[in-house]
Amino acid sequence: MAEAVSPQLQERKRSMSQEDSEKVVKKSKADSPNATLNSSNLQSEFSSIINQLNEDRESDQVIMDDMKTRYEDLCAKQMELLNDKLQTAYKESEDPVNQRIEILNSKFDTIRQLEDDIDQFKNMLGKLHNDLSELE
């Protein structure tokens, strides 16, 4: 955003300095048609132009500082809204996710029990096989 503002401000200052220079020449010509421009008159006019430029720069800086503060505030508000939406989404998805986790844990418990039952069945079959082979 500052890039878009900066060229406009520079152009405004350039045009103001050109206008101010033209005013100095016109003013000195209008004040006394026969008087010549001397260095003290020019120096005072240039000093007033420089003072005006400095005031404009200070004004520009105030504007930029104000704009920065407003954008920082806006950004903070948007981040807060985004965080609120994210927390809401977490809360809304928390119950279904917890239900799915409980279902999966239940199924894992069932699978573990079945594995234990299969191991127990294998051991009994092995014992039965050993007992049958001893009888022969």
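Q: What makes the contact between K122 and D119 a salt bridge?
A: In this predicted model, the closest N and O atoms of K122 and D119 are 4.0 Å apart, and because the cut-off for a Lys or Arg side-chain nitrogen and an Asp or Glu carboxyl oxygen is within 4 Å, the pair counts as a salt bridge. K122 and D119 are 3 residues apart in helix α2, and therefore about one helical turn separates them.

Q: Why is K122 called exposed, and why is D119 called partly exposed?
A: Exposed means over 50% relative accessible area, and partly exposed covers the range from there down to the buried limit of 20%; K122, at 53%, therefore counts as exposed, whereas D119, at 39%, is partly exposed.

Q: How do you know that R70 and D66 form a salt bridge, and what separates them in helix α2?
A: Their closest N and O atoms are 3.3 Å apart, which is to be set against the limit of 4 Å, so R70 and D66 qualify as a salt bridge. Because they are 4 residues apart in helix α2, the separation is about one helical turn. R70 has 51% relative accessibility and so counts as exposed, while D66, at 40%, counts as partly exposed.

Q: What makes E72 and K68 a salt bridge?
A: The N to O distance between their side chains is 3.9 Å, and the criterion asks for within 4 Å, so the pair is a salt bridge. Both residues lie in helix α2, 4 residues apart.

Conventions:
Residues numbered from 1 in each chain as written. Predicted model: local features only at pLDDT ≥ 70, side-chain atom pairs only at ≥ 80, totals over all residues. Heavy atoms only, no water. Helix = DSSP H or I, 4+ residues; strand = E, 2+ residues; numbered from the N terminus. Buried < 20%, exposed > 50% of the residue type's maximum accessible area, 1.4 Å probe, protein only.
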